[in-house]
Amino acid sequence: MFALRTAVARAMPALAMRAAVIPRAVFAPAMVARAGSVSAMRSFSNTPFAWNKADKDLITALEGEIAHEEKEEEEIPDYITSYLKTSPFQITDKPGSDEVVLTRKFGNEDIKIVFSVSDIESPGDEEELDLEDDSEEDGSQQPNQSLSASGEDEEEEEDLNASIFPVRCLITITKPNAGSICIDAIAQDGAILVESISNLKDSALAAASTAESDWQKRGLYTGPHFAELDEDLQIAFEKYLEERQIDGDLANFVPTYVYHKDQVEYTNWLSELKGFVASK
């Protein structure tokens, strides 16, 4: 008992000294700061939403662009309407979707053609520069020379350019119990330019469009580049496609439709973006 009292008596001065060393004021600022932060957070979260200048400026800019696009927007081109009326292909085009699908039956074959707005292949900057260099060397273009004499000529030139840009297409032809062939091609300048042909024994794999199926297709042998095949073989395969109306008319239709769909989707995209920014 005496030993316990002695130990306690010795410890008390040390504890008192430690308590005296720690200033009480150290804890006060932290508590005050935290209380102030909580108060500030509460007042911020309870503040009603208000558009700032940046939001208003963006909405105004979007409204201007939408008005411009709606003014310039035209009805569906006659060529698109005419082609869809006379063509055996049925079109599937969902608003907001990037892909367009054409399907048809040919005997016992199911034919599917898929193309995308985002797959428009525009000439690269290097190619454009090469063309400019060639023009300068030939002396065919003079400084400040205008290619169009009037506003109508410029519009016609724009429409012409819109209809000739290349668009990549994936063509799948499927037969019952025989699998499918998948053809990578480009619709350009009124022609279907075949790049490669893949043989797929699994028709389900050919029809699938998942990331896994795409990965499996990439691992398959696609044969040589079409341009490297024997010329007679190339001509025979092109006639094979033409018989199924995968031809020049289709090659003209695809870029024309992509150009029209891109204009429609762009206007819708602007409206949806404006709706999001303007929502409270």
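Author: Lys261 is buried, because its relative accessible area is 3% (buried means under 20%, exposed over 50%, partly exposed in between, with a 1.4 Å probe and protein chains only). Glu265 is buried as well, with a relative accessible area of 19%. Lys261 forms a salt bridge with Glu265, and the closest N and O atoms are 2.8 Å apart; a salt bridge here is a side-chain nitrogen of Lys or Arg within 4 Å of a carboxyl oxygen of Asp or Glu. Both residues lie in helix α10, four residues apart, about one turn of the helix (helices are DSSP runs of H or I with at least four residues, numbered from the N terminus).

The model is predicted, so local features need pLDDT of at least 70 and side-chain atom pairs count only at pLDDT 80 or more, while totals for chains, interfaces and linings use all residues. Residues are numbered from 1 along each chain as its sequence is written, and side-chain values use heavy atoms, leaving out hydrogens and water.

Side chains of opposite charge can pair when their charged atoms come close. By the rule above, the count comes to nine salt bridges. One of them joins Lys53 and Asp57 at 2.8 Å, N to O. Lys53 and Asp57 both lie in helix α3 (residues 53-72), four residues apart. Lys53 is exposed at 61%, whereas Asp57 is partly exposed at 40%. Lys105 and Asp110 meet in a salt bridge at 3.0 Å, N to O; Lys105 is exposed at 52% and Asp110 partly exposed at 38%. Salt bridges also link Glu109, Lys175, Glu243 and Arg244 in a network.

Notes: Helix = DSSP H or I, 4+ residues; strand = E, 2+ residues; numbered from the N terminus.
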